[in-house]
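Here are my notes on the model you sent over, point by point. Have it open beside you as you read.

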Amino acid sequence: MKDLMDKADIMWLDDPEVIGVNRVPAHSDHEFFADEEEYRNQKSSLIESLAGEWKFIYSESALKRPADFYSWDLSDGAVASKFDTITVPGHIEMAGYDKLNYVNVMYPWDGHYFRRPLDKDGRAHLTGTFAKADYNPVGSYIREFDIPAGMKDRDLRLSFEGVEQAYYVWLNGTFIGYSEDSFTAHEFMITDVIKEKGNVLAVEVHKRSTAAFLEGQDFFRFFGIFRDVKLIASPKGHIEDLDIRPILNDDLTSGSISASLLIRNASGRIRIEERILDKADKEIFKTEAVLEDASNGEISKLDIPTAELKGILPWAFKTPDLYTVIFSVYDSDGTIIEVVPYRVGFRKIEIKDNVIYLNGHRLRICGVNR
């Protein structure tokens with residue numbers, strides 16, 4: 001993956017070594033809220049969906065696409081008339097453009113074009129295969145938006161939860177990033193580019209790229225922004241990633257929870273309080289850890305003291321009991337700036353004499369998809 005590129009390159013479609021540019025590194029997909037009230041109401045002011053009607057242009061290939069559409073003056077009536085509208089999320093084919101196709105063991109182009117990712121010596125010879133193809137449809141999307149009031153003065157990023165198959169992103173005429181890997185969520189930082197009002201988000205989606213060699217599975221071939229696009233805000237001291245490890249002891253009634261957090265852009269002293277609630281939402285453990293000024297880097301690691309617990313209800317198929325771990329982040333003034341909940345269960349899986357055991361009992365797996 002390439003980082004900190006300031007210009008888009010159409011030839012990335014043909015390069016099997018480029019799967020993403022300027023993407024935020026992968027992290028846990030936990031929820032987060034601005035305060036306790038938002039958590040109780042399950043409504044976060046830190047996430048805003050950009051779903052809805054977008055401006056759209058369909059092209060049969062990259063050669064015919066409006067390559068500079070992200071810089072067009074949308075207030076010009078002649079320019080605006082070039083666009084249709086399309087609903088996001090959604091597949092371009094289901095909106096009446098192009099055609100969907102279904103293949104199983106073949107690639108979509110087999111019998112039409114000769115495309116191979118590597119020669120016999122392991123060298124790529126794909127230059128122009130997708131970027132200069134006569135047929136490789138492109139969807140050019142534009143969405144205008146303002147920053148919601150509750151997101152001002154925070155770090156901001158764009159999240160794309162699913163785009164098939166390769167896409168480029170611009171904001172206010174500035175190149176933001178590129179990504180493949182259609183069925184994984186990706187994020188791009190936009191704090192330095194976004195403005196308070198009148199933002200223009202442009203996304204150029206290509207139906208096929210070198211990723212097609214890996215995404216050749218038994219399913220219909222679609223393309224487009226088929227999952228939600230979100231604007232995400234985070235405080236100085238955001239929990240970027242969390243690793244929670246619940247351990248169930250041999251007695252199946254006691255255990256422990258350890259947690260390690262990655263904190264982004266910590267400013268000054270950050271205190272993190274951890275609470276553990278049982279399935280009745282009763283607090284059974286509480287501790288805290290402190291991160292002093294972490295100005296030496298964008299990401300800081302913080303380990304939370306291990307919780308030793310008794311009277312645990314193990315997780316099993318018929319009794320899927322879960323506990324809630326809540327991390328509350330406080331700034332140097334003692335003001336809460338983020339609440340992160342996560343549900344965990346305690347279970348013990350072992351293999352003894354080639355037999356799988358779950359919580360001390362033999363595990364029988366029923367069903368056709370074994």
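1. First, a cut-off to keep in mind: a residue counts as buried under 20% relative accessible area, as exposed over 50%, and as partly exposed in between. Also remember that this is a predicted model.

2. With that cut-off, let's start at Q42. This residue is partly exposed, because its relative accessible area is 46%. Its phi is near 55°, a positive value in a residue other than glycine. As for where it sits, Q42 belongs to the loop between α1 (36-41) and β2 (47-49).

3. You'll find N354 in the loop between β23 (349-352) and β24 (355-358). Is it buried or exposed? N354 counts as exposed, at 78% relative accessibility.

4. Now the backbone at two peptide bonds. The one from V88 to P89 is cis, with omega near 0°, and P89 has its place in the loop between β4 (84-88) and β5 (101-103). The bond from E164 to Q165 is also cis, and its omega is near 10°. Q165 is in the loop between β8 (163-164) and β9 (166-171). I'd have a look at both spots on screen.

5. Stepping back to the fold as a whole: the protein has 2 helices and 25 strands. Its C-alpha atoms fill a box of roughly 65 × 55 × 40 Å along the principal axes. Take the contacts between residues at least 6 apart in sequence: 72% of them join residues at least 24 apart.

6. Last, burial, surface and charge. Of the 370 residues, 48% count as buried. The protein exposes about 19,100 Å², and carbon and sulfur atoms supply 48% of that area. There are 45 positive and 62 negative charges, and their mean positions are 5 Å apart.

Conventions
Residues numbered from 1 in each chain as written. Predicted model: local features only at pLDDT ≥ 70, side-chain atom pairs only at ≥ 80, totals over all residues. Heavy atoms only, no water. Helix = DSSP H or I, 4+ residues; strand = E, 2+ residues; numbered from the N terminus. Buried < 20%, exposed > 50% of the residue type's maximum accessible area, 1.4 Å probe, protein only. Contact = heavy atoms within 4.5 Å. Areas by Shrake-Rupley, 256 points an atom, 1.4 Å probe, with all protein chains shown as cover. Lys, Arg positive; Asp, Glu negative; His and termini not counted. Charge placed at Lys NZ, Arg CZ, Asp CG, Glu CD.
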